[in-house]
Amino acid sequence: MANISTNATINVSVKGQQAITQLNASVKKLQTDFSGLGNILKGLAVGALITNINKLNQAMVQASDATGVTVDSVAAFAKAVSDAGGDAGRAAGDVIDFVAGLNAAKQGSIGAQQELAAVGISLQDLATLSNEDLFKKTIEGLALIQDSSLRNQLAVKLLGKSFKDIDIGGVAQDFQRLS
């Protein structure tokens, strides 16, 4: 009986210890393998981030060139939109949409003129202010509208459909702080 007990103790202890040693070696190898994979994934993520930053920067420069609104203002607007939960990349397109509406108002569109008048832009402003100044005045004017439904409706009409789900009040506060 002692022989069976000694044999069982020796086999369990020795073979169990060997299995634990092999398991530890396997775990260390997996850690090394995954560490290398982790570094590869980090590199890919950094590359994708740089690509997206370059695309966003290019979109802001193109929006500025197309509209006469400075890159600094487009960037501040994009940051404010992003902070409010919107798409910073789309914000550059919103500036372009806004200037298209300005051009329509300057060419006599009564609807566009009325929308701009609702945020405090007069026909005199359209004739004398730069697109940059009109953009800033529009954002400020939207922020002053107390009725949130009307404010957001005008934001959609003046800046684009992306403002359906973004509170222009918060965007205006951030934009004023950043620009």
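In what follows, a residue is called buried when its relative accessible area is under 20%, exposed when that area is over 50%, and partly exposed in between, with a 1.4 Å probe and protein chains only. The structure is a predicted model, in which local features need pLDDT of at least 70 and side-chain atom pairs count only at pLDDT 80 or more, whereas totals for chains, interfaces and linings use all residues. Residues are numbered from 1 along each chain as its sequence is written, and side-chain values use heavy atoms, with hydrogens and water left out.

Helices are described here as DSSP runs (H or I, at least four residues), as strands are (E, at least two), and both are numbered from the N terminus. The expected span of a helix is taken as 1.5 Å times one less than its number of residues. H6 has 14 residues and extends 20 Å from its first C-alpha to its last, which is close to the 20 Å expected. The buried residues of H2 are Ser-73, Val-74, Ala-76, Phe-77, Ala-78, Ala-80 and Val-81, while those of H6 include Leu-134, Phe-135, Ile-139 and Leu-142. After H2 comes Gly-85, a residue with a positive phi near 100 degrees.

Charged side chains were considered next. Side chains of opposite charge can pair when their charged atoms come close. A salt bridge is counted where a side-chain nitrogen of Lys or Arg lies within 4 Å of a carboxyl oxygen of Asp or Glu, and the structure holds seven of these salt bridges. In one of them, the side chains of Lys-79 and Asp-83 meet with an N to O distance of 2.9 Å. Both residues belong to helix H2 (residues 71–83), where Lys-79 and Asp-83 are four residues apart, about one turn of the helix. Lys-79 counts as partly exposed because its relative accessibility is 43%, and Asp-83 is likewise partly exposed, at 40%.

The closest N and O atoms of Arg-90 and Asp-94 are 3.4 Å apart. Arg-90 is partly exposed, with a relative accessible area of 33%, whereas Asp-94 is buried, with a relative accessible area of 0%.

A further salt bridge joins the side chains of Asp-125 and Lys-137, at 2.7 Å from N to O. Asp-125 lies in helix H5 (residues 123–128) and Lys-137 in helix H6 (residues 131–144), so this pair ties together parts that are twelve residues apart in sequence. Asp-125 counts as buried because its relative accessibility is 11%, and Lys-137 is partly exposed, with a relative accessible area of 29%. Salt bridges that share partners also join Arg-90, Asp-94 and Asp-97 into one network.

A pair of aromatic rings is described by the distance of the centres and the angle of the planes. Rings of Phe, Tyr and Trp (its six-membered ring) are paired if their centres lie within 6.5 Å, and planes under 30 degrees apart count as stacked, over 60 as edge-to-face and the rest as tilted. The structure holds five aromatic pairs. Among them, Phe-77 and Phe-175 form an edge-to-face pair, with 6.1 Å from centre to centre and 85 degrees between the planes. Phe-77 lies in helix H2 and Phe-175 in helix H8 (residues 168–178), so the pair ties together parts that are 98 residues apart in sequence. Phe-77 counts as buried at 0% relative accessibility, and Phe-175 counts as buried at 2%.

The rings of Phe-98 and Phe-135 have centres 5.4 Å apart and planes at 65 degrees, so this pair is edge-to-face. The pair links distant parts of the chain, with Phe-98 in helix H3 and Phe-135 in helix H6, 37 residues apart. Phe-98 is buried, with a relative accessible area of 1%, and Phe-135 is buried at 0% relative accessibility. One aromatic cluster is formed by Phe-77, Phe-98, Phe-135, Phe-163 and Phe-175.
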